[in-house]
Protein chains: 2
Amino acid sequence: MRPISFEIEKRGKSLARAGVLKTPHGDIKTPAFIAVGTKATVKGIAPEKFAELGMQGIIANTHHLYLSPGEDLIERAGGIHAFMGWDGPIMTDSGGFQVFSLGEGFGKKISKFAAPENSAEPVADESPSVWSEELATSHGKLAIIDDDGVTFTSHLDGSLHRFTPERSIEIQHKIGADIIYVFDECTSPTADYDYQREAMDRTHAWAKRSLAAHRQSHHHNASQGIYGIIQGGRYEDLRIESAKHLADMDFDGYGIGGSFTKDDILGILDLVNSELPEDKPRHLLGIGEPEDMFVGAAAGIDTFDCVVPTRRGRTGSVYTPEGLVLIRNAEYKEDFTPIDSECDCFVCKQFTRSYIHHLFRTGEMLGPILATAHNMRFLTCLTERIREGILNDNLDHVRDDFMHRYKK
Amino acid sequence: MRPISFEIEKRGKSLARAGVLKTPHGDIKTPAFIAVGTKATVKGIAPEKFAELGMQGIIANTHHLYLSPGEDLIERAGGIHAFMGWDGPIMTDSGGFQVFSLGEGFGKKISKFAAPENSAEPVADESPSVWSEELATSHGKLAIIDDDGVTFTSHLDGSLHRFTPERSIEIQHKIGADIIYVFDECTSPTADYDYQREAMDRTHAWAKRSLAAHRQSHHHNASQGIYGIIQGGRYEDLRIESAKHLADMDFDGYGIGGSFTKDDILGILDLVNSELPEDKPRHLLGIGEPEDMFVGAAAGIDTFDCVVPTRRGRTGSVYTPEGLVLIRNAEYKEDFTPIDSECDCFVCKQFTRSYIHHLFRTGEMLGPILATAHNMRFLTCLTERIREGILNDNLDHVRDDFMHRYKK
């Protein structure tokens, strides 16, 4: 029996569905927002608050955890659940996205069999084995791709590292999340069709190798589920081809995305999802603002993740039914109402906009803590409403009701 | 009936006593550590955690809250309890200490009837009315004292302000804490005997004016208690004289301190307290590290406050029974034990040193949050043990037991 299962409770008239994603560390009622916990911590929120804020699962990052503190340490700690002190469902993204984005790769220094720009000696078509550490680090942050994997420099200290599909899976096995992802190549949104196809083909080959590497470990195969990742950039035909290709492989679920702009994918989600097995869960990687979750849920997405709510919280941008409020603005100095009077979170029950404005204005760390907690609850609450909408056959009404008030 | 009362439950063989300090917002079992909440927030700890961490009361700061967000705003919010979302006992320090320390005053730019140093035109013995805003601000941060009050510049924007005893009390009335303090002059630890005497006499005159300003308001007199502050710097005879002088005035309690170095006062606390009315509570201002609280409690101090535990927490210095641990140090990278295995706080129950090390090393805000929470609990727990020691007539044993292991 697989460690991950998905039960659909109700299908909407669109592709939407409400379900339950079962993991070794608990169930996730879907659609759900998965909080970003890149370095095995959701910035500013202690795990004991997760349940209270409606957080059903988190997604950590293989690339970051590999660099610090290292997957071996996390394994010795007893896995990521024990390490971070939370016993709920955890995913790890494979690190593909970060390898490319933190390598400042796409469009500039990234190159397949080609030297980084400004290199005096282009070495196109040479074997990656000629890439010396000296060459790589002398050009600063970069990611150099070949068909076998990616060589990249650490954004922390410039040191040289290499990920292959097998290595990413090995690291994710040691980290020990409930759901792991195949290693994929994330392309630049400006990459042309030919490159996108080439990258997609490589991602498919890597998906196959990632899956094989996972399935060959009985222990990890029994305790961790694995998701494939659909790529194809902004090209509809490539996305559909990618979905079809991966659908034929026996993954426990599917991630959509890994693109650098959400415009690439939101409009064709329904086409992609139509190609995927209906009984497998689908996660939309890195996209999860309120308006996106309505689009995604209607197109059959089950889980979302996004750094934006926590990042916004840290800078004092908070969600309300009327849209984002910049709490530092002078107009909130004497606003003795909650951030969102309809919200059930402890922040809205206990504190005023005026107080949180004061905390941000005086640089007090409680400001980002409270704003982040509220933003998280706002999004989990929204997915609960979306789920209710699907269960009650009125998702359109829930969406219109929300979007009518909400100003982006 | 006064809003503040103090009941002694047990007297030790030294001057130590265990008691209950009753305030309009709840009781404080003493000896107790009062958490510093300068700007109406204890850095990194939401009020909902206060009780869990054994925090019975906090002390906010008049000077900081006056500058931002302003006492009028806090009054309109319904007072500091409503403003910060906590319904427990709150003190406000009068702001005297901050006026001088943030004005970078003592020993340098502070001057009584004398121009700040580097002034082209000394104006000694002239009336303070000749001090123009231009003169004051042209010399940067400063505090200029006269017998009526202090003119000082804001550390935030350099603007000019003035506190008198009456003004400090008015501000503290609007802030609305349960216990307020008289406005006092804090001297430099290097000030000579003559200046200390002069400053002490001025502090006594200001204490009388502060008390009168408080008692004349029936409303505030009924809802807020007022503490006098013993000064006298490092001179034993002045401290005793100050204690005697203030003991004759009808305060609800007494603050000791306001000095810039704790060496000035710890050794003569017993002499000072012997002069104070036994039935009034005594607060040691700004001093409260573990070793200090044993000294203070034995000398008859009832409550302590100190910024050090929260400040240490933010930089990753955590209390343990063996002394301070710098959690960022490499030796804790794989230490899978709690910060303090004897501690009952949620941090020690749920997280390892290794994880908190990781959080600090990767710059995650949960690190300072967890370290601060533990440090707070360590100190409140220590005062609970001190209290038990007094109640059980074995404070010496508790102290020896603790200090034997604890390395400063």
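Start by selecting strands E1, E2 and E3 of chain B: they form an open sheet of 3 strands in the order E1-E2-E3, with antiparallel pairing. Strands here are DSSP runs of type E with at least two residues, helices are H or I runs of at least four residues, and both are numbered from the N terminus. Two strands count as paired if DSSP finds at least two bridges between them. What you have open is a predicted model, in which local features need pLDDT of at least 70, side-chain atom pairs count only at pLDDT 80 or more, and totals for chains, interfaces and linings use all residues. Residues are numbered from 1 along each chain as its sequence is written, while chains are lettered from A and ligands numbered from 1 in the order in which they are written.

Colour strand E1 (5–11) and strand E3 (26–30) of chain B to see the edge strands, each of which pairs on one side only. Neighbouring strands of this sheet are turned by 15° against each other on average, direction ignored. Axes are lines fitted to C-alpha atoms, for helices over the stretch in contact, and angles run from 0 to 180 degrees between N-to-C directions.

Click on Arg11(B), and you will find its bridge partner in E2(B), Arg17(B). Now show helix H16 (residues 366–391) of chain B: this helix lies across E1, E2 and E3 of chain B and runs at about 120° to E2(B).

Zoom in on strand E12 (residues 225–230) and strand E13 (residues 253–256) of chain A, parallel strands joined by 4 bridges. Which residue of E13(A) is the bridge partner of Ile230(A)? Look for Ile256(A).

**Two domains in chain A**

Colour chain A by domain: domain 1 covers 5–95 + 161–306, and domain 2 covers 312–405. These bounds come from an automatic or database domain assignment. Taken over C-alpha atoms, the domain centres are separated by 27 Å. The contact takes 27 residues from domain 1 and 24 residues from domain 2 of chain A; residues are in contact if their C-beta atoms, placed from the backbone, lie within 7 Å. On the domain 1 side, the largest share, 6 residues, comes from H12(A).

**Where the chains meet**

Finally, show both chains together. A rotation of 180° with 0.0 Å of shift along its axis superposes chain A on chain B (RMSD 0.0 Å), so the two copies are related as by a two-fold rotation axis. In chain A, the C-alpha nearest the axis belongs to Met365(A), 4.4 Å from it. The superposition is by least squares on the C-alpha atoms of residues with pLDDT of at least 70 in both copies.

Select the contact itself, with 32 residues from chain A and 32 residues from chain B. On the side of chain A that touches chain B, H15(A) gives the most, with 5 residues. Because 100% of the interface residues of chain A are also interface residues in chain B, the copies meet through the same surface.

Notes:
Two residues are in contact if their C-beta atoms, placed from the backbone, lie within 7 Å.
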